[in-house]
Amino acid sequence: MAYSDKVIEHYNNPRNVGSFAKDEPNVGTGVVGAPECGDVMKLQLKIADDGVIEDARFKTFGCGSAIASSSYVTELVKGKHIDEAITIKNTVIVKELNLPPVKIHCSVLAEDAIKAAIADWRKRRGDRAASDEQSAQSKEA
Amino acid sequence: MLKKPIYMDNHATTRVDSRVLDAMLPYFTEKFGNAASRNHSFGWEAEEAVDRSRNQIAALVGVKSKEIIFTSGATESDNLAIKGVLEFYKDKGNHIISCVTEHKAVLDSCRALERAGRATVTYLPVDKYGMVDPDAVRRAITDHTVLISIMWANNEIGTIHPIAEIGKIAKDKGVIFHCDAVQAVGKVPVDFEKTGVDLASITAHKIYGPKGVGAIYVRSKGPRVRLTPQMDGGGHERGMRSGTLNVPGIVGLGAACEIAGKEMPEEVRRLMLLRSQLQAGLFERLDEIYVNGHPTERLPGNLNVSFAYVEGESLLMGINDIAVSSGSACTSATLEPSYVIRALGIGDELAHSSIRFGLGRFNTLEEVDYVTDRVSKEVKRLREMSPLYEMAKEGVDLKSVSWKS
């Protein structure tokens with residue numbers, strides 16, 4: 001199968017590869033896919049309190065298109081508010097990278113990774129808020 | 001200076017040996033006769049060439065030359081063997097015994113018969129090395145069994161089945177034994193007569209001959225094996241395969257067999273040296289890599305390796321000046337990883353991570369060193385990018401993770 005130039009470019013020069021420390025409070029981590037399916041994407045978003053995505057990192061086990069999809073997504077979400085990022089559709093990725101039909105699942109996975117990372121951030125924020133409240137209450141008591 | 005790209009996919013096909021091509025060329029031009037033309041010298045010349053080829057093939061595989069029937073290649077030979085036997089012996093039975101790691105030409109021929117209600121098929125499993133258990137073959141035989149179809153050597157993992165043992169069982173039970181010997185002929189010593197093989201598929205393009213020509217061995221005595229032809233026509237090849245003979249191709253197949261036979265001891269020695277160099281080099285540079293296939297009962301030129309935490313297709317993409325193949329799902333349209341690697345029971349994850357190196361006559365030590373270096377570097381780069389590698393290094397048991405997919 002011939003890859004598009006953009007897939008090859010992202011594969012050769014992936015953007016934002018790596019990991020944030022998991023315990024950083026403003027980081028949301030999304031891990032999607034499964035090893036036995038041949039694709040696992042880990043997307044981490046560093047999100048400010050106002051919901052703007054400040055930075056992103058990825059690691060991907062998968063084919064070149066999966067790597068390129070996740071690399072592109074890290075560029076795409078940076079600077080966006082989570083309310084906007086969460087609406088990103090896989091078709092944007094398909095179009096940008098010229099993915100053939102058999103590789104569309106890679107773009108779907110990347111879309112899912114964004115949603116999973118934001119959900120994780122929200123959950124952790126919620127937990128934090130709850131625990132802040134709790135500790136505030138316990139102080140009052 | 002290395003010439004690139006480097007071809008290391010010799011189980012898929014091979015380059016035509018220039019000696020084979022030289023033998024073939026006259027049969028396109030001045031010696032273009034139809035081997036079936038009995039009444040002029042053009043025909044006689046062609047027939048003579050075909051007979052010579054039959055002798056060359058027969059000598060390599062230990063059979064009589066009249067037992068060689070020419071076909072368009074191994075897919076046709078497999079189809080003819082399986083469908084031809086089932087049709088001819090339909091009054092005797094309708095049960096086939098085959099194996100899960102067979103080539104698609106065998107598996108799909110069996111499935112076609114199943115779908116048509118003309119056969120029931122037992123697909124035997126393999127052990128973790130990809131080998132079928134001869135006792136399992138014996139146990140699977142019923143009163144209705146008419147055919148056993150087990151390959152000599154596997155095209156992906158190189159594992160060589162215990163053919164002589166299976167042949168003996170087939171003889172004891174009076175069942176016809178077909179063997180897809182495509183990967184073995186010309187690569188390792190093969191003797192169909194002695195090993196009790198009754199039908200065997202052969203192709204030219206895996207042994208440095210041309211594409212589009214092959215043969216089927218059909219045992220003539222002890223027992224005499226009969227087939228219903230699958231193509232109607234002029235009754236060529238003793239009525240088993242109609243169609244004007246591909247004389248240049250047949251000449252090429254014969255020449256390829258003769259060269260393979262003559263050079264086999266030296267070639268086996270050389271390929272095993274190259275392979276152990278490749279294997280040792282990769283194991284030296286990388287952790288968590290696994291050889292798929294049998295440790296010793298294996299084709300000399302085959303090395304199938306799973307590089308854990310790295311997906312096969314992405315690896316191929318990174319080593320794009322090297323031609324190898326992957327058992328990864330993504331190289332096919334089906335998104336399923338190789339059924340052969342899966343059959344080993346090593347897990348789909350490692351199946352996705354497998355790469356097949358197929359060393360051949362024209363590979364050099366210099367190429368092996370380059371490939372070792374290039375592959376190792378790319379695996380390391382991709383592992384740095386792999387969330388699975390990161391998790392494994394952190395001590396996470398990947399099997400314990402509940403994956404959302």
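Which residues does F70(B) touch, not counting residues up to four places away in sequence?

**View 1. The surroundings of F70(B) in the predicted model.** With those sequence neighbours left aside, F70(B) touches V50(B), S53(B), R54(B) and I57(B), then G214(B) and A215(B), and finally E237(B), R241(B), L245(B), I250(B) and L253(B).

**View 2. The largest nonpolar core, with 66 residues.** Helix α8 of chain B, which spans residues 247–285, contributes the largest share of the core, namely 10 residues. Apart from this core lies another, of 62 residues, which includes I47(A) as well as L2(B), L274(B) and F357(B).

**View 3. The contact between chain B and chain A.** Chain B brings 29 residues to the contact and chain A brings 31 residues, and between them the two chains bury about 2,400 Å², of which 63% lies on carbon and sulfur atoms. On the side of chain B, the residues that lose the most area to chain A are M317(B), M385(B) and W403(B), which together account for 28% of what that side buries.

**View 4. Polar contacts and salt bridges across the interface of chain B and chain A.** Between the two chains, 15 residue pairs are in polar contact, counting pairs with both residues at pLDDT 80 or more, and 3 salt bridges are found across the interface. The side chains of E390(B) and K42(A) meet in a salt bridge, with a distance of 2.6 Å from N to O. The helices α9 (312–318), α11 (348–352), α12 (365–384) and α13 (387–393) of chain B each supply at least two residues of the side that touches chain A, and the largest share, 5 residues, comes from α9(B).

Note on methods: Residues are numbered from 1 along each chain as its sequence is written. Chains are lettered from A and ligands numbered from 1 in the order in which they are written. This is a predicted model: local features need pLDDT of at least 70, side-chain atom pairs count only at pLDDT 80 or more; totals for chains, interfaces and linings use all residues. Side-chain values use heavy atoms; hydrogens and water are left out. A nonpolar core is a set of buried Ala, Val, Leu, Ile, Met, Phe, Trp, Tyr and Cys residues joined through side-chain atoms within 4.5 Å. Buried means under 20% relative accessible area, exposed over 50%, partly exposed in between (1.4 Å probe, protein chains only). Helices (H or I, at least four residues) and strands (E, at least two) are DSSP runs, numbered from the N terminus. Contact means heavy atoms within 4.5 Å. Buried area is the accessible area (1.4 Å probe) that two parts lose on being put together, summed over both. A salt bridge is a side-chain nitrogen of Lys or Arg within 4 Å of a carboxyl oxygen of Asp or Glu. A polar contact is a pair of N or O atoms within 3.5 Å; within protein, one must be able to donate a hydrogen and the other to accept it, and residues adjacent in sequence count only if both atoms are side-chain atoms.
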